Amino acid sequence: MIFSTLEHILTHISFSIVSIVITIHLITLLGNEIINPYDSSEKGMIATFLCLTGLLITRWIYSGHFPLSDLYESLIFLSWSFSLIHIVPYLKIRKNYLTTITASSTIFTQGFATSGLLTEIHKPTILVPALQSEWLIMHVSMMILSYAALLCGSLLSVALLVITFRNIFYSYKSNNLLQLNHSFSFGEIQYKNERNKIFKKTSFFSAKNYYKAQLIQQLDYWSYRVISLGFIFLTIGILSGAVWANEAWGSYWSWDPKETWAFITWIVFAIYLHTRTNKNLQGANSAIVATLGFLIIWICYFGVNLLGIGLHSYGSFTLTSS
């Protein structure tokens, strides 16, 4: 009873803190400079990480096994992974470009885990025979960490694409306005006024282009770093899973739906890393591949749970009925 109450308290505290972090970022976007948003959000994410760590330890002691046996526990561990990915670069360089993505991802996954959509999986249960192995920690933790890293890196690539295509759109719009002024004769005075307005807009966008270019470079850099880390975790997770499958089911690979989608995920991000070796394909081109990988990860993570089929269906869930 004590552990259950403590778990409940830690869950709500961590969710509340990360909600405050998101609120701070929204205030920053509105231009409020009364508080120091960076320091406040960093401290909030550290507090969230500590609460989630305490939650997982409490769950571990309460259930008697590592908390990765069902969807609820994996979502909590995924939230913990997002906060860990946030903290590591902050502790290393005291500067973090992942705050918005990691905080949003944490509140999304934890909010879904603690919502009323999932039934009867918040309570710890006895592990099914397939999960009663020392490979549970190695395999599942590596897979969840890989999902967290790959999702963060992919979201950075999505942000890169949004900024890039916005620049292309505004550049195209400005060029069309210039061509329009040269195509029609409005009179000398009106033409000069329109031309001056366009040049002012062009110079305004040019002043911002430097900062946007720097932001795009940082997004591209961190996306590559985080996805590379996630790819390593994914490779370790798949290999350890194959060894575990051989011990449990007598076969290293059986083309189970989860295995198949994990392999597809691995192929997609292997293609991403390959595009990074070609300078002509870096930037927006590789970001498109990472964006595709973002969708593939969610299919891999939730697909089997929604269908409830295959050898990995022990982690499936049911929705509450109205």
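Helices here are DSSP runs of H or I with at least four residues, numbered from the N terminus. The model is predicted.

**Exercise 1. Describe the span of residues 260-275 and compare its record with its fold.**

Step 1. Take the fold: residues 260-275 are 100% helix and 0% strand. Their end C-alpha atoms lie 23 Å apart.

Step 2. Turn to the record. An unreviewed UniProt entry annotates "transmembrane region" for several spans, including 44-62 and 260-275.

**Exercise 2. Find which residues form a nonpolar patch on the surface, and which helix gives the most to it.**

Step 1. The patch consists of Ile57, Trp60, Ile61 and Ile137, and together they have about 370 Å² of accessible area.

Step 2. Helix α2, residues 37-63, gives the most, with three residues.

Step 3. Look at one member. Isoleucine 57 lies in helix α2.

**Exercise 3. State how many salt bridges the structure holds, and decide whether their residues are buried or exposed.**

Step 1. Side chains of opposite charge can pair when their charged atoms come close. The structure holds two salt bridges.

Step 2. One of them joins arginine 59 and glutamate 73, with 2.8 Å between the closest N and O atoms. This pair links distant parts of the chain: arginine 59 is in helix α2 and glutamate 73 in helix α3 (residues 71-93), 14 residues apart.

Step 3. Buried means under 20% relative accessible area. Arginine 59 has 2% relative accessibility and therefore counts as buried. Glutamate 73, at 2%, counts as buried too.

Step 4. Arginine 276 forms a salt bridge with aspartate 220, and here the closest N and O atoms are 2.5 Å apart. Distant parts of the chain are linked by this pair: arginine 276 belongs to helix α7 (residues 257-276) and aspartate 220 to helix α6 (residues 188-249), 56 residues apart. Both arginine 276 and aspartate 220 are buried.

**Exercise 4. Count the aromatic pairs and classify the one between phenylalanine 108 and tryptophan 298.**

Step 1. With ring centres required to lie within 6.5 Å, the count is 13 aromatic pairs.

Step 2. For phenylalanine 108 and tryptophan 298, the centres are 6.1 Å apart and the planes make an angle of 85°. Planes over 60 degrees apart count as edge-to-face, and this pair is edge-to-face.

Step 3. Phenylalanine 108 sits in helix α4 (residues 99-113) and tryptophan 298 in helix α8 (residues 284-307), so the pair ties together parts 190 residues apart in sequence.

Step 4. Ring pairs also link Phe49, Trp60, Phe66, Phe77 and Trp80 into a cluster.

**Exercise 5. Examine the loop residues tryptophan 255 and glutamate 134.**

Step 1. Tryptophan 255 is in the loop between α6 and α7. Most residues other than glycine have a negative phi. Tryptophan 255 is not a glycine, yet has a positive phi of about 55°.

Step 2. At 54% relative accessibility, tryptophan 255 counts as exposed, because exposed means over 50%.

Step 3. Glutamate 134 is placed in the loop between α4 and α5 (135-183). With a relative accessible area of 64%, glutamate 134 is exposed.

Step 4. Glutamate 134 and tryptophan 244 are 110 residues apart in sequence, while their C-alpha atoms are 9.1 Å apart in space.

Terms used. Residues numbered from 1 in each chain as written. Predicted model: local features only at pLDDT ≥ 70, side-chain atom pairs only at ≥ 80, totals over all residues. Heavy atoms only, no water. Patch = residues over 30% accessible without salt bridge, like charges linked within 9 Å, V, L, I, M, F, W, Y side chains within 5 Å. Areas by Shrake-Rupley, 256 points an atom, 1.4 Å probe, with all protein chains shown as cover. Salt bridge = Lys/Arg side-chain N within 4 Å of Asp/Glu carboxyl O. Helix = DSSP H or I, 4+ residues; strand = E, 2+ residues; numbered from the N terminus. UniProt positions renumbered as here; feature names shortened; annotations may be inferred. Phe/Tyr/Trp six-rings, centres within 6.5 Å; stacked < 30°, edge-to-face > 60°. Buried < 20%, exposed > 50% of the residue type's maximum accessible area, 1.4 Å probe, protein only.
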